Amino acid sequence: MKIVVIDGQGGRLGCLLVERVKVRLPQAQVYALGTNSAATAAMLRAGADFGATGENPVVRGVADADGVLGPVGVVVANAILGEVTPAMAGAVGSCRARKCLVPMNSCGVTVAGVEDLPLPAYAAQAVEDLAAGLEK
C-alpha cells in the first residue's frame, strides 16, 4: 500500500501525518513529498520510507498512490505561499487515490462547517479516515 504525504513550509503537518500513518498502517510504504526540501527532510526524520521534493515528484508520486494526505492547499494552485504549482494541484485533485486533506486556513482556503481543532487532532482524524476508507 502506497501512502503519499504532501506538505510544504516546515513540514509540521507532514510530520504528524507520517508518524500517525506509521502507527495506524504499519504495512504501508510512506512517501514524503515536500514542496520544499525542509518539509521533505522533516517528514523523512518523522519516519517516511521515501522522500522527494518538488513538482515532478508530487505529480508522479500521486499517480499510483492508494492514499494521499496533506493540507487542503495541495489541491489549490498557488496555495501555501505559492509552493503548490497548478500542476501539483491538478495531479492531486485528479488522482485515483483516496484523499484525506486537513483544513488549514494558512492555505488561503476556509472550509465552511469544519470544527476548529488543534493540528494534531486534525492529523489523527485524517489518518483514521484514510485507514478506514482503505480497509473497506
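1. The radius of gyration used here is taken over C-alpha atoms, and the globule rule is 2.2 Å times the number of residues to the power 0.38. For 136 residues a compact globule would have a radius of gyration near 14 Å, and the protein, at 13 Å, agrees with that. Along the principal axes, its C-alpha atoms fill a box of roughly 35 × 35 × 25 Å.

2. This is a predicted model, in which local features need pLDDT of at least 70 and side-chain atom pairs count only at pLDDT 80 or more, whereas totals for chains, interfaces and linings use all residues. Residues are numbered from 1 along each chain as its sequence is written, and side-chain values use heavy atoms, with hydrogens and water left out.

3. Six helices and five strands are present, where helices (H or I, at least four residues) and strands (E, at least two) are DSSP runs numbered from the N terminus. Read along the sequence, they follow the pattern β-α-β-α-β-α-β-α-α-β-α. Of the contacts (heavy atoms within 4.5 Å) with a separation of 6 or more, 71% are between residues 24 or more positions apart.

4. Buried residues make up 46% of the 136 residues; buried means under 20% relative accessible area, exposed over 50%, and partly exposed in between, with a 1.4 Å probe and protein chains only. The accessible surface comes to about 6200 Å², of which 53% belongs to carbon and sulfur atoms; these areas come from the Shrake-Rupley method with a 1.4 Å probe, and for residues only the protein chains shown count as cover.

5. A nonpolar core is a set of buried Ala, Val, Leu, Ile, Met, Phe, Trp, Tyr and Cys residues joined through side-chain atoms within 4.5 Å. The largest such core has 26 residues, and those with the most contacts inside it are Ile3, Val5, Leu17, Val18, Val21 and Leu69. Two or more residues come from each of β1 (2–7), α1 (12–24), β2, α2, β5 (98–102) and α6 (119–134), with α6 giving the most, seven residues. Apart from this core lies another, of 18 residues, among them Ile6, Val62, Val74 and Ala79.

6. Leucine 17, leaving aside its neighbours within four places in sequence, is in contact with Val5, Leu69, Gly70, Ala123, Ala126 and Val127.

7. Threonine 35 sits in the loop between β2 (29–34) and α2 (37–45), and it counts as buried because its relative accessible area is 13%. Its side chain makes a polar contact with the side chain of glutamate 83, at 2.3 Å; such a contact is a pair of N or O atoms within 3.5 Å, where within protein one must be able to donate a hydrogen and the other to accept it, and residues adjacent in sequence count only if both atoms are side-chain atoms. Beyond four places in sequence, the contacts of threonine 35 include Asp7, Thr53 and Met88.

8. Asparagine 78, in the loop between β4 (67–71) and α4 (79–82), is by contrast exposed, with a relative accessible area of 51%. Leaving aside neighbours within four places in sequence, asparagine 78 is in contact with Val84 and Pro86.

9. Methionine 104 lies in the loop between β5 and α6. Its C-alpha atom is separated by 9.8 Å from that of leucine 13, 91 residues apart along the chain.

10. A search of the whole structure finds zero disulfides, a disulfide being a pair of cysteine sulfur atoms within 2.5 Å. For cysteine 95, the nearest cysteine sulfur, that of cysteine 100, is 11 Å away. Cysteine 95 is buried, with a relative accessible area of 11%.
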